[in-house]
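Please study the sequence and the three-dimensional structure shown here. The explanation below leads through them step by step.

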Amino acid sequence: MTTTSGAAYAPEPIPAPVVGPGEFVFGAVRLDHGHIYGMSEGLAAAGATLKWVYDPDPAKVAAFSERFPDARVARSEEEVLDDDEVRLVAGAAVTSERCALGLRAIEAGKDYFTDKAPLTTLEQLAAAREATARTGRKYAVYYSERIHVEAAVLAGQLIDAGAIGRVVQVMGLGPHRLGTGRPDWFFEKEKYGGILCDIGSHNFEQMLYYAGAKDAEVGYSAIANYHHPEHPELDDFGEATIVMDNGATGYCRVDWFTPDGLSTWGDGRTFVLGTDGYLELRKYVNVGTQDGPGHVFLVDGKDEHHLVADGNVGYPFFGELIVDCLERTETAMTQEHAFKAAELSVRAQLGARSLTP
């Protein structure tokens, strides 16, 4: 790791696998979003064993099997759910179907790890809360823009160490590139949930996490379709503000306007203001520098610091989740935190003002 000042802001050690082969078995069910690859790779790197893969689309299964050739192809979802060796089901179904899959996994006695957004309605949220409270099973969420980005992990470590004092505001920018070849469901609001429910869920989770808040209220939210009339149900822009229970505030802007000239899919940035300093995360690119991803800029009472996180921090969430499933703890992420971020996402979407002329 490098810094411009030589200050000793060292990350915690890169986490090692927490289990050996066969000690924690999981299955991948429903491959509708590519995040299932990151979810599976993160678990496998922490020591988990991927035993099964299932999707009704053979083409998706074939592509997945190329990356994970040791996974057995299940003939049905039930074959995975009925396997007593499987402790956790990882899934990236169509967004509106993720809750139903989770409820089936929970009723089968499994913990559940879903892609974000974990659900699309308040009714689904109520059902998920009831199921986890009744069974003690987990409904974990892959909020990848924090848990699977080293700059975001390092920022959390710095905040926990008191590098910027008390956090008073978190701002997140989540631009994405729409690209081509997306499935039809991606453009149907009932299925993808809307931009604040979908991409925005990353940002609501980060606001709560970095501010150390347990609850929040949506102050303002808005959506628009500025430039994609061929997809009338697509939100290509969204923004929202929240006020958290500890007095901190949050703002997010999400969109599908990444220009073709950018070297990656989106210039995702997070700004965290504290009483004693501030952080800026340039997660995926440091524009115009060819420096690659993973940059954390820290200004404190002594100096300006440029920290490079990628390759130096790792992803502790996955090992913590495995241990949580084995020991019934909540170190990786509390269940209420995962649900609260989802709740804010849905409420922001439901209450959003339309900015489209």
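The paragraphs that follow treat the sheet, the helices packed on it, a further strand pair and a cavity.

This is a predicted model, in which local features need pLDDT of at least 70 and side-chain atom pairs count only at pLDDT 80 or more, while totals for chains, interfaces and linings use all residues. Residues are numbered from 1 along each chain as its sequence is written, and side-chain values use heavy atoms, with hydrogens and water left out.

Strands of a sheet pair through backbone hydrogen bonds, either parallel or antiparallel. Here, nine strands form an open sheet with mixed pairing, in the order 14-13-12-11-7-10-9-8-15. Strand 14 (304–308) and strand 15 (353–354) stand at the edges with a single partner strand each, so one side of each has no neighbour in the sheet. Helices (H or I, at least four residues) and strands (E, at least two) are DSSP runs numbered from the N terminus, and two strands pair if DSSP finds at least two bridges between them. Strand 7 (residues 167–175) pairs with strand 11 (residues 269–274) in the antiparallel sense over six bridges; within this pairing, Gln 169 has Leu 273 of strand 11 as its bridge partner.

Helix 7 (residues 150–160) packs on the sheet, touching strand 7, strand 11, strand 12 (278–282), strand 13 (295–299) and strand 14. Contact means heavy atoms within 4.5 Å. Ten of the eleven residues of helix 7 are buried, so this helix is largely enclosed by the rest of the structure. Buried means under 20% relative accessible area (1.4 Å probe, protein chains only). Among the buried residues of helix 7 are Val 153, Leu 154 and Ile 159. Gly 162, which follows helix 7, has a positive phi near 85°.

Elsewhere, strand 1 (residues 25–31) and strand 2 run parallel and are joined by five bridges. Phe 26 has Leu 50 in strand 2 as its bridge partner. Strand 2 (residues 49–54) is mostly covered, with five of its six residues buried.

How many cavities of 30 Å³ or more are there? The count comes to one. A cavity is a set of points, on a 1 Å grid over the protein atoms alone, where a 1.4 Å probe fits but cannot get out; lining residues have an atom within 4 Å of a point. A volume is the space filled by probe spheres set on the points, and the largest cavity holds about 110 Å³. The lining of this cavity has 14 residues, and Lys 138, Ala 140, Leu 321, Met 333 and Gln 335 lie nearest its centre.

Notes: On a 1 Å grid over the protein atoms alone, a cavity is a set of points where a 1.4 Å probe fits but cannot get out, and a pocket is an open set with protein on both sides within 12 Å along at least five of seven lines; lining residues have an atom within 4 Å of a point. Axes are lines fitted to C-alpha atoms, for helices over the stretch in contact, and angles run from 0 to 180 degrees between N-to-C directions. Buried means under 20% relative accessible area, exposed over 50%, partly exposed in between (1.4 Å probe, protein chains only).
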